[in-house]
Amino acid sequence: MINKALEGYMPESDDIVSRAMRYSVENGGKRIRPELVLSFCEACGGDSEKAMPLACALEMIHTYSLIHDDLPCMDNDDFRRGKPSCHIAFGEEYALLAGDALLTLAFETAVKAQLPAERVIDAVSVLSKAAGWAGMVGGQVMDLQNEGKKVGLEDIEKTDALKTGELIRAACVMGCIAAGRKDMIPAAEEYARCIGISFQIVDDILDITSDTATLGKPVGSDDENEKCTYVSLLGIERSKEIVSELTVKAKEALKNFDGNADFLAEFADKLEKRKN
């Protein structure tokens with residue numbers, strides 16, 4: 001459903017930037033963030049179909065961030081999801097523009113949600129703040145500034161909470177907003193906090209233990225870029241223990257939801273055990 005909806009929002013033009021946008025959005029991906037929007041909407045008793053534009057908007061912003069993250073001026077990664085990165089396939093200048101275009105298309109898409117105007121405004125506010133200078137962009141700035149430095153666990157936690165965690169938090173909160181259940185936002189944020197940290201720690205582990213074919217992107221980039229990570233500070237075994245503890249806390253946060261939250265519980269378990 002998510003993939004079909006995303007295809008419908010993509011530009012049909014055959015110009016190079018439109019093709020780069022479609023290439024990046026339709027190039028696989030686990031669709032974690034849009035799934036969280038829809039699942040929290042359902043867990044709150046809402047209609048997930050009406051929340052689909054919000055879910056697609058979030059995935060567009062996530063995809064734009066990956067395009068820019070892979071650029072030579074950032075992480076300089078040549079592969080994403082097992083295929084050449086956007087800048088390798090289309091050129092650096094067009095990849096940059098494709099990312100910009102997806103960012104703006106996201107908000108054009110979000111406002112198409114067939115929900116009360118107040119809910120749409122609240123959801124767009126959450127999304128824009130999470131993606132901006134005080135959210136994901138701010139986390140990327142910290143990530144760049146941390147390269148080549150010995151930083152502590154507190155700095156890593158803050159960086160990851162912004163760079164990775166903010167869009168995950170936004171997804172969970174937007175699902176509650178779409179359903180008209182702002183009262184459930186604190187529980188959704190706790191779930192998001194736990195799986196956001198867990199997701200990043202598993203990423204750090206896989207960067208060491210996996211291979212390029214399985215992961216779909218180069219491994220060892222953290223070490224190559226001299227990044228301090230959970231694994232470099234705590235070791236693989238302690239990092240795995242923390243992921244397990246966070247998974248338990250995430251599932252505990254779901255206890256007070258009226259709707260079906262089984263998928264979200266299973267989702268937390270799957271994130272802990274993922275291989276890519």
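This is a predicted model: local features need pLDDT of at least 70, side-chain atom pairs count only at pLDDT 80 or more; totals for chains, interfaces and linings use all residues.
With regard to overall architecture, the protein contains 16 helices and 2 strands, and its C-alpha atoms occupy a box of roughly 50 × 50 × 30 Å along the principal axes. The radius of gyration is 18 Å, which agrees with the value near 19 Å that would apply to a compact globule of 276 residues. Of the 276 residues, 53% are buried, and among the contacts with a separation of 6 or more, 72% are made by residues 24 or more positions apart.

Aromatic side chains form 4 pairs in the structure. One of these joins Tyr23 and Phe90 in an edge-to-face arrangement, with 5.3 Å from centre to centre and an angle of 75° between the planes. Because Tyr23 belongs to helix α2 (residues 16–25) and Phe90 to helix α5 (residues 86–90), the pair ties together parts of the protein that are 67 residues apart in sequence. As to burial, Phe90 has a relative accessible area of 15% and is therefore buried, whereas Tyr23, at 22% relative accessibility, counts as partly exposed, the cut-off for burial being under 20%. A single aromatic cluster is also formed by Phe40, Tyr191 and Phe257.

How values were computed
Residues are numbered from 1 along each chain as its sequence is written. Side-chain values use heavy atoms; hydrogens and water are left out. Helices (H or I, at least four residues) and strands (E, at least two) are DSSP runs, numbered from the N terminus. The radius of gyration is taken over C-alpha atoms; the globule rule is 2.2 Å times the number of residues to the power 0.38. Buried means under 20% relative accessible area, exposed over 50%, partly exposed in between (1.4 Å probe, protein chains only). Contact means heavy atoms within 4.5 Å. Rings of Phe, Tyr and Trp (its six-membered ring) pair if their centres lie within 6.5 Å; planes under 30 degrees apart count as stacked, over 60 as edge-to-face and the rest as tilted.
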